[in-house]
Amino acid sequence: MADEHTTPEEQALADEWAAALAEAGNASQDDIDAMLAQSETKPAAPRAPMEDFASAPKNKEPVNLDGPNLDVILDIPVTISMEVGNTEISIRNLLQLNQGSVIELDRLAGEPLDVLVNGTLIAHGEVVVVNEKFGIRLTDVISQSERIRKLR
């Protein structure tokens, strides 16, 4: 039933869920147990062998990032973050924080920020303002070979 606060789209979605739940409600616990037992007795699908990336390359050539395999990963989104500094505090002190509290970090004023991609350091930089928004100017970028070495 739709009330005065429900949009037609929300009501349609709620009706779909209700129909799906009603259909699933016809299965008894015995049916579910039988399906689980059947899936456990089936042999697992054969798996492709995993390449051991931790070992040294089989060919002694340097790593080439220009190969065709790189195209596969170029559109994968990553999280980039800038770290001003960090510190460790106890939960007691964390719970006592409020508006106006100051947390002392492990960096000196004026030191470059760390630029992290998915938690891995890739560069250092300084804060700039671009069109009234914060940005970062990279001052030191870690080489590609060093970044790859850190991944291993």
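Along the sequence, the protein chain follows the pattern α-α-β-α-β-β-β-α, where helices (H or I, at least four residues) and strands (E, at least two) are DSSP runs numbered from the N terminus. The model is predicted: local features need pLDDT of at least 70, side-chain atom pairs count only at pLDDT 80 or more, and totals for chains, interfaces and linings use all residues. Residues are numbered from 1 along each chain as its sequence is written, and side-chain values use heavy atoms, with hydrogens and water left out.

**Exercise 1. Describe the protein chain as a whole.**

Step 1. The secondary structure comes to four helices and four strands.

Step 2. Of the 152 residues of the protein chain, 8% count as buried; buried means under 20% relative accessible area, exposed over 50%, and partly exposed in between (1.4 Å probe, protein chains only).

Step 3. The protein chain exposes about 13900 Å², of which carbon and sulfur atoms supply 56%; accessible areas come from the Shrake-Rupley method with a 1.4 Å probe, and for residues only the protein chains shown count as cover.

Step 4. Among contacts in the protein chain with a separation of 6 or more, 33% are accounted for by residues 24 or more positions apart, contact meaning heavy atoms within 4.5 Å.

**Exercise 2. Determine the strand order of the sheet and explain why one side of β1 and of β4 is left without a neighbour.**

Step 1. Four strands form an open sheet in the order β1-β2-β3-β4, with antiparallel pairing; two strands pair if DSSP finds at least two bridges between them.

Step 2. Since β1 (80–83) and β4 (133–141) stand at the edges and each has a single partner strand, one side of each is left without a neighbour in the sheet.

Step 3. From one strand to the next, the twist averages 40°, the axes being lines fitted to C-alpha atoms (for helices over the stretch in contact) and the angles running from 0 to 180 degrees between N-to-C directions.

**Exercise 3. Follow the pairing of the strands, giving bridges and opposite residues.**

Step 1. The antiparallel strands β1 and β2 are joined by four bridges, and I80 stands opposite V117 in β2.

Step 2. Five bridges connect β2 to β3, again in the antiparallel sense. Here V117 stands opposite T120 in β3. The hairpin of β2 and β3 has two residues between the strands, and N118 takes a positive phi near 50° in it.

Step 3. Strand β3 (residues 120–130) pairs with β4 in the antiparallel sense over eight bridges. Opposite pairs include G125 with L138 in β4 and V129 with F134 in β4. The hairpin of β3 and β4 likewise has two residues between the strands, with N131 at a positive phi near 50°.

**Exercise 4. How many salt bridges does a search of the whole structure find?**

Step 1. The search finds two salt bridges, a salt bridge being a side-chain nitrogen of Lys or Arg within 4 Å of a carboxyl oxygen of Asp or Glu.

Step 2. R107 forms a salt bridge with D114, the closest N and O atoms lying 2.3 Å apart. R107 counts as partly exposed at 22% relative accessibility, whereas D114 is buried at 13%.

Step 3. E126 forms a salt bridge with R137, with 2.9 Å between the closest N and O atoms. Because E126 lies in strand β3 and R137 in strand β4, the pair ties together parts that are eleven residues apart in sequence.

Step 4. E126 is partly exposed, with a relative accessible area of 37%, and R137 is partly exposed at 46%.
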